[in-house]
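User: I'd like to go through the labels on this one and ask what stands behind each of them. Can you show me the structure and take my questions?

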Amino acid sequence: MTGWERFLDTFFNARVMAKYWPDILYGMVVTVELAVLVVISGIAAGLALALLRALGIRVFNWLLIFVVDVLRALPPLVIIVLIYFGLPSVDIVPSGFVSTWLALALVLMAFSEEIFWAGITAVPRGQWEAARSTGLSFIQTLLGVVMPQALRLTIPPLTSRTIAITKGTALGSVVAVSEILGQASSAVSNSYNPSPLMLGAAAYLVLFIPVVVAGRWVETRFAWKR
Amino acid sequence: MIVEAPLIVEARGIHKHFGALHVLKGVDLLVAERELVFVIGPSGSGKSTLLRCLNRLEEPSAGSVMVDGIDMLDRRTDINRARQRIGMVFQSFNLYPHMTALGNVTLALRKVAQKPRDEAEALGLAALDRVGLRDRAGHTPGQLSGGQAQRVAIARAIALEPRVMLFDEPTSSLDPELVGSVLAVMRELRESGMTMVVVSHEMGFARAAADRVVFMDDGLIVEQGPPAAIFAAPQQARTQAFISQIQRH
Ligand SMILES: Nc1ncnc2c1ncn2[C@@H]1O[C@H](COP(=O)(O)OP(=O)(O)O)[C@@H](O)[C@H]1O
Ligand SMILES: [Mg+2]
C-alpha cells in the first residue's frame, strides 16, 4: 500500500461509506428538521420581542435587554447542556432534540431581536412623525410604516446570523441528537474508521452551500438604496 | 388684530421645556378660519416646536391648545381622530420610501378615515391631481424630484381634508429652481380658503399670501402684524435686526 492508498482507505473507505451512508442521510433529515424549527421559532420570537420593545415599557425593556445579552454572551453549547441536564432537576425532561431546538431558538431569538431593534431605530424619526401627524396610531405606524422599512435593513445581517446559528445544529450531537455529526461520530466509533466523518462533511456542504449562496444573493438584493 | 372669522387654532400660554431647556416661554397663537399666518424667526427660536405642539407631536409643558373646537391636550380626546383635521408638511418631506406616491397619500385614508380601497384611491388621485402629480401616482419617492416629493407630502395631508395645514419650512431643503412649484401649490391651497400656519424664509411668499406675520425669538412672539407693516416698519429692535439680515440675501 502506498501512502496515498492508505490515505484513501482511511478517510474514503468505500466499504465503510456504503454501510453508513443511510445513517448520514437520516442525520441530514434530522438536521433539516432541527434547522427549520430553530429558524422559524427563533426569528418569530425575536421579531415579537423587538415589537414589544418598541412599546417602550421601561422595566420590561431592562429585563429584555438583560436576557438578550445573557443569551448572546453564553456559548450555545452551554445553553444546550443547561437545558438538557438542568431542566430534569425541575422534573422537565427534554429530549436532546428539544434541548438543542430550544437553545438554538433562544440564541437566534436574542440575536434577531437585536437586529430587528437596530432596524426599527434606524428608521428616521420623521417617518414616525409624518405617520402620526396623519392620525395613524402608534401600532399602525409601527406595523405599516416603520417595520416594512426596518425589515429591509434587517435582512442582510439576519441572513448571515441565521446561517451561523443553523450550523450550530451540529452541537446537538453532544446531547445524543442523531443529526449529521451525531450519526457520523457513532458510525466512526462503530467502524473504527473516520470515513463517515467525510460523508458528514459532504452532507453539511450539500445542505449549506445552497443556503450560503442564497444568503449572499439575499444580502446583495436587499442592500438598502434610497 | 381684528378677528371676525371663528378661530380654528387657539393656543394659549404654551410653554415647552426640554429638560433644562426652556424652548417656548408662554406663546399665544390664535388663527382664524381661512387665515394664513406666517411665522418667522431665527433658528432655534422655537418655531418648529410651536407647530408641533399644535398637533401634539410635542406635549406642551403648560398651556392649552384648541383646534377646530377640540381640546388637543385633553386625555379624553381621541388624538388620532383629531390629527386628521390638522395636516402637517415637513422640511424633509418624510414620504414613506417603500410606498408609491399614491400609497403615501392613501395610507391614512384607509387606516384612519377607514375608506374602502377604491374610494381611498379615488380621493388619493384627486389629491395628487390637485398638486399636479396625478401622472406620478405610481412613482416611489426615490423616483421623484424634491419639489415633487414635497407636493406629494402636501397631497398626503390635504387628502384627509384637514381644517388647518401646518408647514414647517416646506421649501428649505429644495433646490432654488424647485421652490416655485411648491409655493404655487401652497398659493392655490390658500386661495381655496385653507387655514394655514407656515414657518418659512420665503419672504416673497409672505408678502404675497400672508394675512399676518408672526416674529418669534427665544421662545416668545416678539411682534406680529400684516406683512407690509412687519417687513417695512418693524417696531422691535430684534425684529428689525432679523428683517434687515434676511433682506440682505
Ligand atoms: N426633542 C428635542 N429635545 C431637546 N431639545 C430640542 C428638541 N427639539 C427642539 N429642541 C431645542 O429647542 C430649541 C428650539 O428648536 P426649534 O423649535 O426646532 O426651533 P426653530 O424651528 O425655530 O429653529 C432649539 O434649541 C432646539 O435645540
Ligand atoms: Mg425648525
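This is a predicted model: local features need pLDDT of at least 70, side-chain atom pairs count only at pLDDT 80 or more; totals for chains, interfaces and linings use all residues.

User: What makes Ile115(A) count as buried?

Analyst: Its relative accessibility is 15%. Buried means under 20% relative accessible area, exposed over 50%, and partly exposed in between (1.4 Å probe, protein chains only), so Ile115(A) counts as buried. The residue lies in helix H5 (residues 96-122) of chain A; helices here are DSSP runs of H or I with at least four residues, strands are runs of E with at least two, and both are numbered from the N terminus. Leaving aside residues up to four places away in sequence, Ile115(A) touches Thr154(A), Pro157(A), Leu158(A) and Arg161(A), where contact means heavy atoms within 4.5 Å.

User: Why is helix H1 of chain B called largely enclosed?

Analyst: Seven of its eight residues (47-54) are buried, so the rest of the structure largely encloses it. Among them are Leu50(B), Leu51(B) and Cys53(B). Arg56(B), with a positive phi near 60°, follows the helix.

User: Why is the pair Arg72(A) and Glu114(A) called a salt bridge?

Analyst: The N to O distance between their side chains is 4.0 Å. A salt bridge is a side-chain nitrogen of Lys or Arg within 4 Å of a carboxyl oxygen of Asp or Glu, so the pair qualifies. Arg72(A) sits in helix H3 (residues 58-73) and Glu114(A) in helix H5 of chain A, so the bridge ties together parts 42 residues apart in sequence.

User: Which salt bridges does Glu129(A) make, and is Glu129(A) buried or exposed?

Analyst: One is with Arg125(A), at 3.3 Å between the closest N and O atoms. Another goes to Arg52(B), at 2.9 Å, N to O. At 13% relative accessible area Glu129(A) is buried, whereas Arg125(A), at 57%, is exposed.

User: How do you know how much area the two chains bury?

Analyst: Buried area is the accessible area (1.4 Å probe) that two parts lose on being put together, summed over both. For chain A and chain B that is about 1,600 Å², 59% of it on carbon and sulfur atoms. Glu129(A), Ser133(A) and Thr134(A) supply 31% of the area that chain A buries against chain B, more than any other three residues. The contact takes 19 residues from chain A and 21 residues from chain B, and one salt bridge is found across the interface.

User: What makes S1 and S2 of chain B a pair?

Analyst: Two strands pair if DSSP finds at least two bridges between them. Strands S1 (residues 7-18) and S2 (residues 21-32) of chain B have nine, in the antiparallel sense, so they pass. Ile14(B) stands opposite Val27(B) in S2(B). S1(B) also runs antiparallel to strand S4 (residues 62-67) of chain B, joined by five bridges, with Ser64(B) as the bridge partner of Arg12(B).

Technical notes:
Residues are numbered from 1 along each chain as its sequence is written. Chains are lettered from A and ligands numbered from 1 in the order in which they are written. Side-chain values use heavy atoms; hydrogens and water are left out.
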